[in-house]
Amino acid sequence: KFEFNPKDGIDNPALSLTEDTGGEGLGEPRFYLLSKGSTETFGFCLHEELGCRGHIIRQVELGGLAQRRGLQDGDRLLQVNGYFVDHMDHRRVVQKIKASGNQVLLAVLDGDSYETAKALGSDLSQMLPADIRPRLCHITRDKSGFGFSVSGPEGVKGTFQLSVQQDGPAERAGVPPGSWLLELNGASVRSYSHARLARKVHAPGMGGWETRAGNVTEHPVFPIQLKQSGSKVTLLVASSAVEEFYRLRGLRVTAALADTSWLPFKVRELHMVKGPAGYGFLLKEGDCSSGATGQFLWDVDEGLPAEQAGMKEGDRLLAVNGESIEGLDHQQTVLRICARDDQVTLLVIDPAGDEFYQSVGFGDSAWSCP
């Protein structure tokens with residue numbers, strides 16, 4: 001017997017994560033969250049074909065992950081991790097999938113519906129939700145606290161809703177009012193009881209959580225503090241609309257799918273044109289804070305193209321000319337940098353940002369190159 005629990009997600013081949021496409025007219029977009037092991041593949045290829053429009057799902061491996069989830073030969077890819085890609089260059093779309101690492105969220109439309117929509121001049125982006133990404137928010141406490149409080153139904157694990165102080169630290173960090181808490185400092189709260197979360201979230205002088213009429217009431221916003229977090233805390237949150245989108249489809253939200261635009265740590269794109277003395281930096285292999293091996297930028301020469309582009313000592317290299325270097329060794333990375341004789345574009349992150357993203361489980365594979 002298979003018991004369906006939307007909070008736990010679906011892992012049953014008989015129940016693919018699709019929308020009902022019955023009835024007349026166009027089918028509806030279908031959403032698939034594919035999660036694979038590090039030695040596995042997603043089990044499909046993405047083609048660009050003469051005489052056919054769109055990014056086409058082909059070679060769906062028999063018994064593979066994509067087929068088990070419900071992807072079909074001829075489906076057209078519309079979204080990758082919440083980004084609309086139908087209008088994008090094919091190579092960029094392939095790279096977005098590769099850059100997703102071991103987990104990717106895809107939205108597809110069956111081939112017949114896609115061709116019909118194109119013939120009718122329909123805007124395919126309007127068939128998709130406007131924003132399906134959760135948010136990573138990094139909050140720095142001020143004298144009044146973090147600027148949010150937590151509430152939820154008594155006796156239910158992992159269900160925590162946030163109330164946000166107007167113009168407080170949480171709101172300034174991008175936490176939507178009424179959003180749902182998914183992760184705290186990189187750790188999922190899905191298995192947390194209210195008592196366990198209360199040990200991490202503490203309202204001084206309030207005596208912990210208060211139960212009233214079967215519900216856990218909200219604490220006043222101002223005194224909220226987080227144990228073990230010091231003056232900063234990182235939350236993965238989803239608005240009610242985003243939470244409902246994932247819940248109705250049995251999809252589990254992770255940091256790899258998050259909108260990071262609210263975070264204080266940014267990746268930087270450095271475009272350099274080689275001068276007579278070269279670019280003016282050295283690439284060295286070293287250990288990342290996560291324990292993995294990375295490629296780092298050192299010995300940045302004053303006045304040369306690397307420094308002029310904004311390169312800093314210790315920056316870690318994420319991508320070269322729009323392509324992730326994940327999985328490449330040192331020599332392969334060097335060859336990619338030198339592939340163009342006179343110029344190169346690098347995607348980098350500084351040590352503080354690198355350490356932060358590794359700490360919340362947002363590694364290299366989650367970056368999508370511009």
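The model is predicted, so local features need pLDDT of at least 70 and side-chain atom pairs count only at pLDDT 80 or more, while totals for chains, interfaces and linings use all residues. Residues are numbered from 1 along each chain as its sequence is written, and side-chain values use heavy atoms, leaving out hydrogens and water.

**Aromatic rings**

- Rings of Phe, Tyr and Trp (its six-membered ring) pair if their centres lie within 6.5 Å; planes under 30 degrees apart are stacked, over 60 edge-to-face, and the rest tilted.
- By this rule the count comes to five aromatic pairs.
- Phe-31 and Phe-245 are edge-to-face, because their ring centres are 4.8 Å apart and their planes stand at 90°.
- Phe-31 lies in strand S1 (residues 30-35) and Phe-245 in helix H6 (residues 240-248), so this pair ties together parts that are 214 residues apart in sequence.
- Phe-245 also pairs with Tyr-246: the centres are 5.2 Å apart and the planes at 85°, so this pair is edge-to-face.

- Buried means under 20% relative accessible area, exposed over 50%, and partly exposed in between (1.4 Å probe, protein chains only).
- Both Phe-31 and Phe-245 are buried.
- Tyr-246 counts as buried because its relative accessibility is 2%.

**The loop residue Glu-302**

- Where does Glu-302 lie? Glu-302 sits in the loop between strand S19 (293-298) and helix H7 (305-309).
- Glu-302 counts as exposed because its relative accessibility is 72%.

Note on methods
Helices (H or I, at least four residues) and strands (E, at least two) are DSSP runs, numbered from the N terminus.
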